[in-house]
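Hello,

Here is the structure I promised to pass on. Have a look at it first, and then read my notes below.

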Amino acid sequence: MYFIAVHLIAAIVLLLWAVRMVRTAVERAYSAQLKRLLAHADKSRVAAAGAGTVMAIALQSSTAVAALASGFAAGGLMQGATGLALMLGAYLGSAIVASILSFDLSLLMPPLIIAGGILFLRGTSRQTKQLGRMVLGIAFVLLSLEMVSEATAPWRDSAVVGTIIGYLEGDLWTGFLVAALITWMSYSSVASVLVIITFGSAGLIPFDVAAAFVLGANLGGTLIALGLTRGADIRARRIAMGALAFRGGAALLCLAFYQLLRGNIGELPGGVGQQASVLHIAFNLGVLILGLPLTRLTANLADKFINEPPTEGELNVARLRTPALLANNYRNADAALASATRELLRMSEMVEVMLQPVMDVYQSGDKAAVRRIKALEVEVDQANREIKLFLTRLDWDQMDEIQTRRASDLTNFAISLEQAGDIIAKQLLKLADQKQERRLTFSPQGWQELTDLHARVLDNMQLALNVLVSEDTESARQLVAEKDEIGVLERRSMDLHFARLRVGNATSIATSDLHLETIHALRRINSLLSGIAYSILSDNGELLSSRLVHAPS
């Protein structure tokens, strides 16, 4: 029994790791595309639900979608009703993924491992390697499910397991709560449901217990999203609470109704595993269909009743942090540089929070968002001064060449971040104010170009932070390539804008200056963020005087 239990635990751990492996690969390879899809989800609630479904299938996780949605909501880029619709779609997408992976696909496992291994080991581009990682992850999911089935086979005739299942069959609420807790702890509803379906297919549990487990896993999945937003912006917490009300409340109601009707339900077609899979999809599809018309009402109620806790006076969280730039860090150059990097990450997060709601400010003129951006600009300026002063006080004569270069890179990046903050607060906010004062509206095509460019710059900010921390040459290459791509997008937008002017588009004529100055400001911000890549590439012999060295074939 001991070795069987170890075998089962190992299989479940492999399943959790494989699901996360697929999600990580998709995020690294297609993060920009997914975020652009998310940025366009606010066209309608149906479009948002569809985007959520697609993203959850791609990421094999509704939790990852919840994390992305929380970031957009916190930055003012997503309304509450849109976020709720997105989450309902994501829950359906994760149910579809679990059902697809639950089929017997063992014959695909060897070719998937071979193909994934070749792509990952022999691939030269970042996307090819991540595609290989994704294919390997799917193969490992199938392998782990086969291991679960093998591990549970000896338990089918176990008296102990039979006693436990018999108890759970008479007390469905205990099974419901256990499944919810395990799902919350494992951080993956997809993995939990796959294990439940596998247990059912192996004949280990009857449908009554499987139904309680599936509904409990759905509740646990919403608790994961709620935990992600703990301590986050109030707008992100409202979306998580609304999703909990929809999916978690529906799970409780469904189990209550099932207990009342279970004696009147006849024999269902298929095996227990198939029945559990169908129940999981039907439940999330039902929540989506019934909940979608209520998202706006739920969002309004959340805005009304879920507020920030009252505080005495103005709480400045930035001032409550543990200082990174301590005087005793001067004694060790590596520790000092690590401290400066930590402070730079905090500074860059502030700049990101400043940039995120800019497009929303253009549209709505949100005064609260404007005040937050201007307040953060003061913090960014202060952080820049502190970082530069801290680094200049180091004993540069005692540092080696690598340490000196790193200190110089950090100083330059701090200056670039401060300049990016100035562009946001003093140029983009000014342009947004002009748009509101003159009551102008961008053409649909022009607005699409601006929002696409804005989303791309936000993606590149994340990439720049990765380069700052990891000093990874491949990521630095990608950042420089993205800078070139932003220049292409800027020129393309200008060409399209001038084409609209030539045909006499009145909206484009009225907003011409605003459009051109906005794309130029966004391109400048992106260029400032890309600066960290050049020093890394130069030190590694990856940069020529006029262009990048070609990647090795």
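To start with a convention, axes are lines fitted to C-alpha atoms, for helices over the stretch in contact, and angles run from 0 to 180 degrees between N-to-C directions. Please keep in mind that this is a predicted model, in which local features need pLDDT of at least 70 and side-chain atom pairs count only at pLDDT 80 or more, while totals for chains, interfaces and linings use all residues. Residues are numbered from 1 along each chain as its sequence is written, and side-chain values use heavy atoms, with hydrogens and water left out.

Let me begin with a helix pair. The axes of helix 15 and helix 19 come within 11 Å and cross at roughly 175 degrees; helices here are DSSP runs of H or I with at least four residues, numbered from the N terminus. Helix 15 and helix 19 are therefore roughly antiparallel, a label for angles over 145 degrees.

Next, the interior. A nonpolar core is a set of buried Ala, Val, Leu, Ile, Met, Phe, Trp, Tyr and Cys residues joined through side-chain atoms within 4.5 Å, where buried means under 20% relative accessible area with a 1.4 Å probe, protein chains only. The largest such core has 67 residues, and L344, L355, Y362, I424, L428 and I525 touch the most other members. Helices supplying at least two residues each include helix 15 (333-355), helix 17 (367-392) and helix 19 (444-470). Helix 18 gives the largest share, 13 residues. Apart from this core lies another, of 38 residues, with L145, I196, A210 and A217 among them. As for Y362, its contacts beyond four places in sequence include L428, F442, W447 and T518.

You will find S443 in the loop between helix 18 and helix 19, buried at a relative accessible area of 3%. Its side chain reaches the backbone nitrogen of G446 at 3.0 Å. Beyond its neighbours within four places in sequence, S443 touches R500, N505, T507 and S508.

Finally, helix 12 (residues 272-291) has buried residues including H280, F283 and N284. Its buried residues pack against helix 2, helix 4, helix 9, helix 10, helix 11 and helix 13.

Best wishes

Conventions. Buried < 20%, exposed > 50% of the residue type's maximum accessible area, 1.4 Å probe, protein only. Contact = heavy atoms within 4.5 Å. Polar contact = N/O pair within 3.5 Å; in protein donor to acceptor, adjacent residues only side chain to side chain. Parallel < 35°, antiparallel > 145°, perpendicular 65-115°, else oblique.
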